[in-house]
Amino acid sequence: MSDIVLKLSGIVKSFPGVLANDHVNFTLKKGEVHALLGENGAGKTTLMNITFGIYRQDEGEIYINGERAEITSPHRAMEYGIGMIQQHFSLVPSFSVAENIALGLKGSKISPKVDLVRKKVKDLAERFGLNVNPDSRIWQLSAGEQQRVEILKLLYMNAQIMILDEPTAILTPQEATNLFKTIKEMVKYGASVIFISHKLKEVLEVSDRITVMRHGKVIDTLKKDEVSERILAKKMVGRDVVLKILKKPSAPKKVELEVKDLWSRGDKGIYAVRGVSLEVKSGEILGIAGVAGNGQRELAESIYGLRKYTGEVKIEGETMRPLSVVSRMKSGVAYIPQDRKEVALCGGLPIYYNLFLKKPFRVPEFYLNPYLFNSSRLKRPSEQLVNEYLISTSSLNLEVKYLSGGNMQKVVLARELSLNPKLIIAVHPTRGLDVGAIEFVYKILLKARDNGTAILLVAGDLEEIFTLSDRVAVLYEGEIIGYSKPDESHLEEIGLMMAGVRKVKK
Amino acid sequence: MRLKIEKRNESASTLSVLSMSVLSVVVSLVILGFIILSLGKNPIDAYIQLVSWPFGTIAGLTQSLISMTPLLFTSLGLVLAFKMKLWNIGAEGQFYMGAFGATWGALFLFNHISNPWIMLPLIALLGAGVGAGWGTLAGVMKARLGVNEILSTLMLNYVAIYWVNYLVYGPWRDPASYNFPITAEFPKAAILPQYTANGINLGMFLAIAASFFVYYLLKWTRFGFEIDISGDNPKAAEYAGINVKKMIVIVMAVSGALSGLGGMMQMSGVLFRLQPNFSPGYGYTAIIIVLLARLNPFVTVVVAFLFGGLIVGTQQIQLFLQIPFSLVNAFQGLLLFSFVAGEALLHYKLRWLKA
């Protein structure tokens, strides 16, 4: 057995309401690149934050070079030779590259020896192909270059264990290729690298071993030559059968939503949706399957008018203006976003406000005076909704932030469905909910479908797609790579498409 | 043993909020007492003086009410902005700009108007308008460019104060003032109705009326509802179809308008002429007032009255006990600190953990 530089054993970490790491075991060998693969929220970053001393584990031990280590802070972690590049860089924008590297050094006195650092940085940059001018100021550099500075920082500190958290998310394909070269170069010099990602392709390209995480647990650790993208996709998404709900065959009618050649950029400025065209008819559920981060969120936000796009979005044949949520609301579009707490709810306001966040002024039958507002008139309809959607709360005045995740989602559902929408965009509508709440959400969505609502469902969980949708489209790198039928016999096909293999056209 | 800070998982009750506010006042008074002691004075004496004159005599009470007026206008402006979590620190500057606008109207633009019923609304509009403009400036910078409103409003205060200084030392100085840096006195038509010889004027009643206006705006209009949503979660506001950027600009404008109106009332009701440093920091005191009043417009009236008394009382003990007036600033600082600390304790609790 080759020597193990890092061993995590039985790591448990819970946050209020979430078990982020559930008895996780993980090993890193000297000189290997070990990928940590999983969906967003699978617990990868939490695990690495524990390793780097940002969080403390609730249970479990960390061993470095066979010895038990107490990592209480990032500072301690660095003393153990662990370095981490986080998704958000920790650089001082107005300092030069060399100054930034000197800043993090141990034992630097009042005036760090920037000159000395400069020279060594130049050497390192040359050796590892990290092309950066040590005198440039950070704010002048592109994201890719800033990342190189972060890597140089680790190299300078002579980190033996390097953790890279989704390093390619901000890179262009060329920059990513360069990064992989650098990683291979670093490994040659004896460093070990943990590479966090949810992209299958790059994981296979760069790593020696791959650990797949799901719902806070390690599913499997595999050698690179044992696996293919398809196997990884399956392991990552999983098929934990939660519950089975029978649904009637759909009766699709007229086209409710039509999207034509939609292009939209992600938060980091790179195109996340690349020319998507799709149609959803009333009375059907179109499921969008795919590994997270392939443009699902951007697609949904564009259709709802929260994100800029080019291309066309038509609702009931009417072309919508980009970035106009109001026009969507008027056309009867409801939206269940993936981050309900961040986007769909006002945590500090009472339930009955949240139930009518949209309704009072924008929906005709509720039209109060357009300028005046009478909160007491919301109470009675709120009471009805609370009863109808079985929201368990002590009072209508309770602030929403004190509700459980399931009840929060019920508030969102109650609000969105009480608008009698013609189209529902639901993104990960059951994420983080327990089985009972999931079943409730499924039933509600199916009932809406049976009443003739068109539903665009984005989900990471294939089981959810199978349970709910009438058609399945697979999104891969911002494109719809193919359609399939939502049943078990097409699992293989869907898995292949999720991994980027196009369906052969007959 | 290790101290751990934990989030409380229910909202604070009205009682604990109230007792926290009272406690933070008491704590500040105790600390202030030690400061007074270190000046060689008896803090008990000082506190008796501090309270007895402004609240115990008719003359003192009148003065307290007069100094309540500018405090109340600026505070109400801040209530609106703070509701939306826009940290407008610029009430002071908006107040100055309002006074500038009123003076401009009274002495230069409309000086031929002799009917007060035309003159007063005109200069009130002008004062409020210039104050609104000053607030809008910070609002637009925030909405368009993401400039932090704390910094922009704070810096605009200095611009406003120096602008007024420039005018009264320069072009607007009254030739008949024996070289004092003051403008000419307002014409009769530009002076608010006075009800007592010692200065109770219409401004005070308008300030109280303004608190009803702000309450109505926040509680009973769509605008108030949208302020609630945008303040609590701007992302959810966008999601609900509210144009948050527009809200930022409008709220800053209304907030500035109220402070500006305060500046106009101070000119037309109390001072009658523009002069340098005519505000002992009303706009800053307003920040503490609204925090203590927890952004409730009616409680704000009460707290503003108490602070008006505090200013009057401190002037009193300065006279009789030779304690410096800057003590009032020290007290406000202490109060802010203990209030912020108390606020943290309402949301978090401390627990000792055995290591």
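A residue counts as buried if 20 or more other C-beta atoms lie within 10 Å of its own. The structure examined here is a predicted model.

By this cut-off, helix α1 of chain A, residues 44-51, is mostly covered. Eight of its eight residues are buried. They are K44(A), T45(A), T46(A), L47(A), M48(A), N49(A), I50(A) and T51(A). After α1(A) comes G53(A). The phi of G53(A) is positive, near 80°.

Strand β13 of chain A, residues 285-289, was examined next. Five of its five residues are buried, so β13(A) is largely enclosed by the rest of the structure. The cover extends to both faces of the strand. On one side, I285(A), G287(A) and A289(A) are buried.

β13(A) has two pairings to describe. One is with strand β18 of chain A, residues 454-458. These strands pair in the parallel sense, over four bridges. In this pairing, I288(A) stands opposite V458(A). The other is with strand β19 of chain A, residues 471-476. Here, too, four bridges join the strands, which run parallel. I288(A) stands opposite A473(A) in β19(A).

The contact between the chains takes 25 residues from chain A and 18 residues from chain B. On the chain B side, two or more residues each come from α8 (222-232) and α9 (234-239). α8(B) gives the largest share of that side, six residues. By class, the side of chain B that touches chain A has six nonpolar, six polar and six charged residues.

Technical notes. Residues are numbered from 1 along each chain as its sequence is written. Chains are lettered from A and ligands numbered from 1 in the order in which they are written. This is a predicted model: local features need pLDDT of at least 70, side-chain atom pairs count only at pLDDT 80 or more; totals for chains, interfaces and linings use all residues. Two residues are in contact if their C-beta atoms, placed from the backbone, lie within 7 Å. Ala, Val, Leu, Ile, Met, Phe, Trp, Tyr, Cys and Pro count as nonpolar, Asp, Glu, Lys and Arg as charged, and the others, Gly among them, as polar. A residue is buried if 20 or more other C-beta atoms lie within 10 Å of its own, exposed if 12 or fewer, and partly exposed in between; C-beta atoms are placed from the backbone. Two strands pair if DSSP finds at least two bridges between them.
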